[in-house]
Amino acid sequence: MAQERGLTAERSGLAAEQEVVDVLYARVDALRDEASGRLAAIRREGPSGSPQNRSERDAFATLYEDRIAQLDAVEDRLCFGRLDLRDGERFYVGRIGLSDAEHAPLLTDWRAPAARAFYSATAANPGDVVNRRHLTTQGRRVVAVEDDVLDVDALREMGADSALAGEGALLAALGARRTGRMGDIVATIQAEQDAVIRAPMSGALVVQGGPGSGKTAVALHRAAFLLYHHREQLESRGVLLIGPSRTFLRYIDHVLPSLGETGAVSTTLAGLIPGVEASAIEPDESAEIKGRTVMADVIKAAVRERQRVPRADREIRIDGRTVEIRRSDIKDAQAKARRDGRPHNEARAVFAKEMISRLTRQLVEQLEVYSDEDRHELERDVRDDKNVRIAINLCWLPVTAEQLLRDLFSKPHLLDYAAARLSPDERDLLLRPPHAPFTEADVPLLDEAAELLGEMPGGRARRSDEPSAEEIQYAKDVLDTFGAQSMIKVDAETLASRMKGGTTRLSVAERASRDRTWTYGHIVVDEAQELSPMAWRMLLRRCPTRSFTIVGDVAQNTSVAGTRWWPETMDPLFQTSWELRELTISYRIPAAVADAAQSYARAARLPVSDLRAAREIADATCATRTDDPVETAAAVARRHAASFAGAEGGLVAVIAHERHLSALRARLSGTEVEVCTARESKGLEFDVAVVVEPAEIAARPGDLYVALTRPTKRLDIVHARPLPEGLVV
Ligand SMILES: Nc1ncnc2c1ncn2[C@@H]1O[C@H](COP(=O)(O)OP(=O)(O)OP(=O)(O)O)[C@@H](O)[C@H]1O
């Protein structure tokens, strides 16, 4: 355990803590200097030596760069806590673990087992902790200390200061103006959140919680926690984080680096298929059909349709001789190719080889050829014959996933064949022009198709950037020789990949994002209630160990194909290997906003979780009835934005039905006010949310529940029509 050594132990208060914090920053500076020195030395050597030497140097340079970036990222609030234990031990908790030059511990990583008590000890259940101290820093300066005395008697016996402090650090964090970028909560993680973050990695952990209960924050901290504790297992495969939109990913993209982690790949579902753009919007009705599990069979049938048997036998001429393309041969060759188990495009080679061999046999019989040499020559002739190639292609058509889907949804006869289990009306809903752009609901179908089709002939056969066993062993030897393992914390497989990448810096994230078939060590899914059964299939393929963290709120579901009840979705996917946890406190919305939103949600029969707000704020809700909601909403938003124009800033959003967006944007141009739909606001938060005409947004009740729960300080409702039932402000 990181006992305080060489640091002033007895004095409390700002000055003493400043001394401790100074030592910690000095240590970070020293480590950064050391890494920079080593990096400079490598760079000084320049591009000399053998290619092997050069790629080793490049790999180490990358690792030192990563280390420097990691030390830079922990600059803000490096140390935020102190624990005093019953036996007199004391240690500090921070973003990373640090030891002094003699290896004596100085700072305990927040993810280490020893730091757990910092988050989980309570007055009712203090364990060994007598006092928990929160340190608030600005830059490198300690500006406040605040104690949670967990065992007052023990503290008195120790003769220490017993002044009680409240939840200042948490409330200060919650009350801070929003910047449009999510921050980490490492200094103020609450006990129920900590239990989720530190839960075991195996199986699926589903976290249900109302708006603002910290699901996103917890999911990100859990990713960092798992990467820390299972580094060997996770670093080479990476952790995948799935978010609902690119805007959302931008909103959260600072959090993991601030926790010192770069091993996670953040993307949307569409981002999992390199090169696919899925930006088109489609009606809910067709999106819902595309999300159903039956679509897996539809895609399978569409692929199978590319393996055709002509109506009749036919003859073709090869070098003046006639051979017969027989239906029976085609059927046998197809059966052989299917038995092979490879995806359609790759199994084509088996089919073609078998057909060529059968056609050659016909020629051998006609010509009465006996020598192997002549037989091979005939086989070559058959293989190179254009008519044979065409005939084979017609019976086993190679196709890309994109083309398969375009054909399926634009050719009624194909859809009738492949989707016979859908009703004629449902099939009509799926029809669209051949060059219509892809939608989000197409993405899992494209993935399903790509899985069944495999690489096109002539496509990439294997992942050439993956290191072999020998290359990994070599990397292990290099690590041992350089003795750098402890400083740069890298596993041999990662180093081997980087060496193999030569001068190109290929991180796990980069390799994974280029490869549709990449499988991850763990997957974190945010806003998971939105995913359709087909989307879940897509994600399961990417994590064969089925190690998932799934966070969401069924009451905020805005997707017709999404989840309304977790067991219904999770049981078929994970059988008994999943567990449900709940978060019950909202750290975002003030109490009055929580009451209004929940009362509406209950009236609309949404499956709401119980939610207590962590804060009460006066005048947190307001409703204005007006004949012109757009004009009034713009005026209200402008007024709030003007009040934030001072030094501290603050974010204002107007959330409205899509049809008002352009009018609102026109009225608010030149201001910083965000204008968006309820769905676009999903997962985001603002100091003030102005919700325009709730009755319109409530066409889908989950949309309105999302819109009402975005503000951290104030909800302004502007309406002409009566408010939906249950919405009382
Ligand atoms: N323990 C905490 N300390 C400080 N801030 C916290 C804590 N937990 C959550 N927050 C803050 O509360 C806000 C809401 O958190 P978050 O976005 O993770 O909630 P959510 O449950 O994902 O919400 P939604 O369901 O609306 O997407 C964020 O600003 C987050 O930083």
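Which of the 25 residues around the ligand come nearest? In this predicted model, the answer is Thr188, Gly214, Lys215, Thr216 and Tyr587. Two elements give two or more residues to the shell around the ligand: helix H5 (168-175) and helix H7 (215-229). Sort the shell by residue class and you get twelve polar residues, nine nonpolar ones and four charged ones.

Now let's turn to a pair of helices. Two packed helices are described by the angle between their axes and the distance between the axes. For helix H20 (residues 443-453) and helix H25 (residues 533-541), the axes come within 8 Å and cross at roughly 45 degrees. Angles under 35 degrees count as roughly parallel, while 65 to 115 counts as roughly perpendicular, so H20 and H25 are oblique to each other. The crossing of H20 and H25 is left-handed. On the H20 side, the contact is made by Pro444, Leu445, Asp447, Glu448 and Glu451; H25 brings Met534, Ala535, Arg537, Met538 and Arg541. By class, this contact of H20 with H25 has five nonpolar and five charged residues, with no polar ones.

And how about confidence? The model scores ipTM 0.99 and pTM 0.82. Two stretches deserve a mention here. Residues 482-488 have a pLDDT below 50, and this stretch has five contacts in the model beyond near neighbours in sequence. Residues 501-505 also sit below 50 in pLDDT, with seven contacts in the model beyond near neighbours in sequence.

Notes. Residues numbered from 1 in each chain as written. Predicted model: local features only at pLDDT ≥ 70, side-chain atom pairs only at ≥ 80, totals over all residues. Near = placed C-beta within 6 Å. Helix = DSSP H or I, 4+ residues; strand = E, 2+ residues; numbered from the N terminus. Nonpolar A, V, L, I, M, F, W, Y, C, P; charged D, E, K, R; others polar. Axes fitted to C-alpha atoms, helices over the stretch in contact; angles between N-to-C directions. Parallel < 35°, antiparallel > 145°, perpendicular 65-115°, else oblique. Left-handed = near helix turned anticlockwise from the far one by under 90°. Contact = placed C-beta atoms within 7 Å. pLDDT = per-residue confidence, 0-100.
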